[in-house]
Structure formats: C-alpha cells, structure tokens
Amino acid sequence: MKKLIAFFFITMNIGVMQAQTYKDWVRKADSCYSAKNYELSVSYYDKAFKIEKKDFRDLYNAGCSASMAKENKKAFKWLNLSIDNGYENIAHIKIDEDLKPLHSEKEWNKTIEKLQKKLDVIGANYDKVLEKELAEIYTEDQEIRGEFMSVYRASKPDKKKIDSIGKIMQRKDSINLIKVMKILDERGWLGKNVVGTQGNQTLFLVIQHSDLKYQQKYLPMMREAVKNGNANPGNLAYLEDRVALREGKKQIYGSQSSKNKTTNKICIAPMIDPDNVDKRRAEVGLGTMAEYAAKMNIEWNLEEYKKELAETEKLENTKP
C-alpha cells in the first residue's frame, strides 16, 4: 500500500509540473529575481522558454537574471533573442545595473552593435536631433533612479546618501521637464515613428516623474496621443493611476504601490472595482495583477486585498 501511495503522489507532482504555463514560470522567475535569488530565477526562465520565446521583455529580464547569476553565456543568448524579438531601448541596456558584469566581455560590444544596426534601419526616417536629445534625457532620468534604488534597497540604507541623491534627482527632473515641456508644447506628443520607441517612452517617463500640476496639464494630451497611436496605452494607465491617487481618488489599473500603515508592508494602493482590474489591465496591454505583483515582490491575493481595502476605508470614514 505504501508503494501505491508513493506512486500516486509522484504522478500527482508530475501532473502539477506539466500544468505550469509559460506565464506561471515567468511569474515565478520574476518573483525570484525580486527576492535576489537569481539562480532560481534563471532556472524558471529556462522552463518558460522551453515553451515559447516570444516576449522580448521576458527575454531581456531573463538576461538580467542570468547576468546577476554569473551565467554570462545564457545572459547574452537571451539578450540577443530579446533584440531579435523587438527590444529597442539602447539607452537603457547601456546603463542597466544588472548588465554591468557583462561589460568586460567581448560579446557585450557585439550585442550593442547588433542593436545599433537594427535601430539604424528602423530609425532611418526619425527626427535624429530630437531622438538624440530624448536619449540623453532618458539616460539622465534612469541613471539617477538606478543609483537611488541601489542605496534605498541596501540592507542598511544610508539616509544621508538617500537624501543627497534625492536632491540631485529632483534637480535633474526639473531640467528634463523643461526640455520635454518645450517639445510637447511646440510639437505635441510625438509618436515612435518620429522619435523611436525609446524617445516616445522618455516623454512619458519625464511627465510621470513630474509634479501633479504638470501631470494634469499633459494627461489630456497623452490620452489623445493614445487614440492616435502616438503613445503607449499601458504608459497612459500608469499616468492615470498616479494622477488619480495624487488627487485623492482610487487608481484604476493597480499600477501604483504604497505602504500599508497598519502592517508597514508595501502593497497595491487603493483601486476601484478590484474584481475587474485584470480585465481593465488587459485592455491597455498590461499583464495580470498577479504577474505585476510578483515583479514588485508583493503578495497578491484578491480577496485579502478587498478585505484590507474595506478596513482601510472604514478607518478613513471614522476619522474625526
């Protein structure tokens, strides 16, 4: 009987393993990456890519995990596949902290050259002056944030260093905002057909990182740009959520996190109609809340979230 029971559990486990989908493995890989368990993250990406290798974002993230796990061969393989499948952000790949260990390898220059050649073909008719300007703004915006987060996420964060980098970041954001506002006011929200995917993304990032009054000013412009195919619907969702929360409302797409005042844990900030959030996210090209939460290293349980949300609202309503 014991042998039969053991065999039953073995077959059950095999069935569970076979039931894992591409998204399941990627979600696990992202969660392990957030927990800095890079080796396990790589193993889960391996399992995912045995099913399919289509999403350049997942391939890029896998390359980052492999780089941090010191599996350079896999890192370059996945980064090159990412480029083959649509990755275009050359400014980001050059400053990504996760990929710094690869910079001393000969293969690194080959990978960058491959991406640059691809971009030269795609961007033959771009506004080269603006594309270059926006690439520089992107680097300014993201480099300082990478530096800030590396200090902020340290096991013993240095408060003085955080404050110092924060002030530098604010100054850079102010300068970048002036430049981007000039572009938007004079030429509108330029699509990727004019400034490339990276340049188009930069317009969003600078506004996303600006004060509320500027976000409110350019939100209608971005909404119109999405209708005309000149802006990313997923990026707009992030801006909609940030503005809503800053205005004291609930977010729509669950893209913003906050700290729970009771548990002191990072959680998804209050949103409207949580039951249908995945439907709303799908409409703008975003993954599920479970996938997003895994990348943020946040535990996502819809019923628990609704319960905590109700308790929070009750406390807010009972305040004098």
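The points below are grouped by topic.

The structure is a predicted model. Its chain is assigned three segments: domain 1 (19-124), domain 2 (126-231) and domain 3 (250-312). A search of the whole structure finds 11 aromatic pairs, while the count of disulfides is zero.

**Domain 1 and domain 3**

- The centres of domain 1 and domain 3, taken over C-alpha atoms, are separated by 27 Å.
- Contact between these domains involves six residues of domain 1 and six residues of domain 3.
- About 570 Å² is buried between domain 1 and domain 3, and 50% of that area is on carbon and sulfur atoms.
- On the domain 1 side, the residues that lose the most area to domain 3 are Arg27, Asp30 and Ser34, which together account for 67% of what that side buries.

**Aromatic pairs and cluster**

- Among the 11 aromatic pairs of the structure is a tilted one between tyrosine 22 and phenylalanine 49, with 6.4 Å centre to centre and 40 degrees between the planes.
- This pair links distant parts of the chain, as tyrosine 22 belongs to helix α2 (residues 22-34) and phenylalanine 49 to helix α3 (residues 38-49), 27 residues apart.
- Tyrosine 22 and phenylalanine 49 are both buried.
- Phenylalanine 49 also forms an edge-to-face pair with tryptophan 78, at 5.3 Å centre to centre and 70 degrees between the planes.
- Because phenylalanine 49 lies in helix α3 and tryptophan 78 in helix α5 (residues 72-84), this second pair ties together parts that are 29 residues apart in sequence.
- Tryptophan 78 is buried, as is phenylalanine 49.
- One aromatic cluster is formed by Tyr22, Tyr45, Phe49 and Trp78.

**Charged groups over rings**

- Lysine 47 places its charged end over the ring of tryptophan 25, 5.5 Å from the ring centre.

**Cysteines**

- Cysteine 64 is buried because its relative accessible area is 4%, under the 20% limit.
- Cysteine 267 likewise counts as buried, because its relative accessibility is 17%.

Note on methods:
Residues numbered from 1 in each chain as written. Predicted model: local features only at pLDDT ≥ 70, side-chain atom pairs only at ≥ 80, totals over all residues. Heavy atoms only, no water. Disulfide = S-S within 2.5 Å. Buried < 20%, exposed > 50% of the residue type's maximum accessible area, 1.4 Å probe, protein only. Phe/Tyr/Trp six-rings, centres within 6.5 Å; stacked < 30°, edge-to-face > 60°. Helix = DSSP H or I, 4+ residues; strand = E, 2+ residues; numbered from the N terminus. Lys NZ or Arg CZ within 6 Å of the ring centre and 35° of its normal. Domains from an automatic or database assignment. Contact = heavy atoms within 4.5 Å. Buried area = accessible area lost by both parts, 1.4 Å probe.
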